[in-house]
Amino acid sequence: EEERLKQEEEERLRKEAEEERKRKEEEERLKQEEEERKRKEEEERLRKEGGGRAKEEEERLKQEEEERKRKEEEERLRKEAEEEERKRKEEEERLRKEAEEERKRKEEEERLKQEEEERKRKEEEERLKQEEEERKRKEEEERLRKEAEEERKRKEEEERLRKEAEEERKRKEEEERLKQEEEERLRKEAEEEERKRKEEEERLKQEEEERLKQEEEERKRKEEEERLKQEEEECKRKEEEERLKQEEKAAEDLETEQEQQE
């Protein structure tokens, strides 16, 4: 973690230095552009003024320009040399760190290898120990299994004999139960037949009584109809007699009236 933080800090400082270098180069470029602009303005001014003085001034400016370019070139070469030196040192530092990391990696690999070999040795010892314990455990289990198997067979034989006896007892009980059920069924069937016979006799008796009752009611109904019919005929006969009597009386009254009128 310390190594990582150190590398991050170095990277941050390197980036800041790179940004500072670029900023200065940009300032230098702008400064040169400004000087170039002023020089051209001065040349233009002198050209317009004319004369030998202008040529001298132009020559002077030309020499200054060449001197400036020479210095710029020297400055550029110096910066390039500094940049190359800085890169060389960075590369040396990187290679040194890589070599250090490779050494640490190999040491770590060796340590892990030894730990792995130690772990495998202990695992092998543990495995052999467990195998021995497992062998003894299995032998004990096999002995106990055989004893248990013999005990199981003995109990199974006892259980088989007990089940056979139990099944024989159940079979006899089932035969007795079926026998009793059959007797009970036959008794109930006889009772049911007797009950149905009595119910049928009772039903026929009630049907006969109902039939006689209906016949009696039908006879009474017919007698009542006959009586009503006779009463109706008697009533009509009397009405007819009354009507004829009234007609006869009316005829007599009419005849009497005619006689009186005559």
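1. E248 sits in helix α2, which covers residues 52–261; helices are DSSP runs of H or I with at least four residues, strands are E runs of at least two, and both are numbered from the N terminus. The model is predicted: local features need pLDDT of at least 70, side-chain atom pairs count only at pLDDT 80 or more, and totals for chains, interfaces and linings use all residues. Residues are numbered from 1 along each chain as its sequence is written, and side-chain values use heavy atoms, leaving out hydrogens and water.

2. E248 is partly exposed because its relative accessibility is 49% (buried is under 20%, exposed over 50%, partly exposed in between, with a 1.4 Å probe and protein chains only).

3. On overall form, the protein chain has 2 helices and 0 strands. Its C-alpha atoms fill a box of roughly 195 × 120 × 20 Å along the principal axes. Of its 262 residues, 4% count as buried.

4. The structure holds 100 salt bridges (a side-chain nitrogen of Lys or Arg within 4 Å of a carboxyl oxygen of Asp or Glu). E36, R39, K40, E65, R68, K69 and E72 are linked in one network of them.

5. E80 pairs with R76, with the closest N and O atoms 2.4 Å apart. The two are about one helical turn apart because 4 residues separate them in helix α2. E80 has a relative accessible area of 39% and R76 has 36%; E80 is partly exposed, as is R76.

6. E182 and R185 form a salt bridge at 2.3 Å, N to O. Both lie in helix α2, 3 residues apart, about one turn of the helix.
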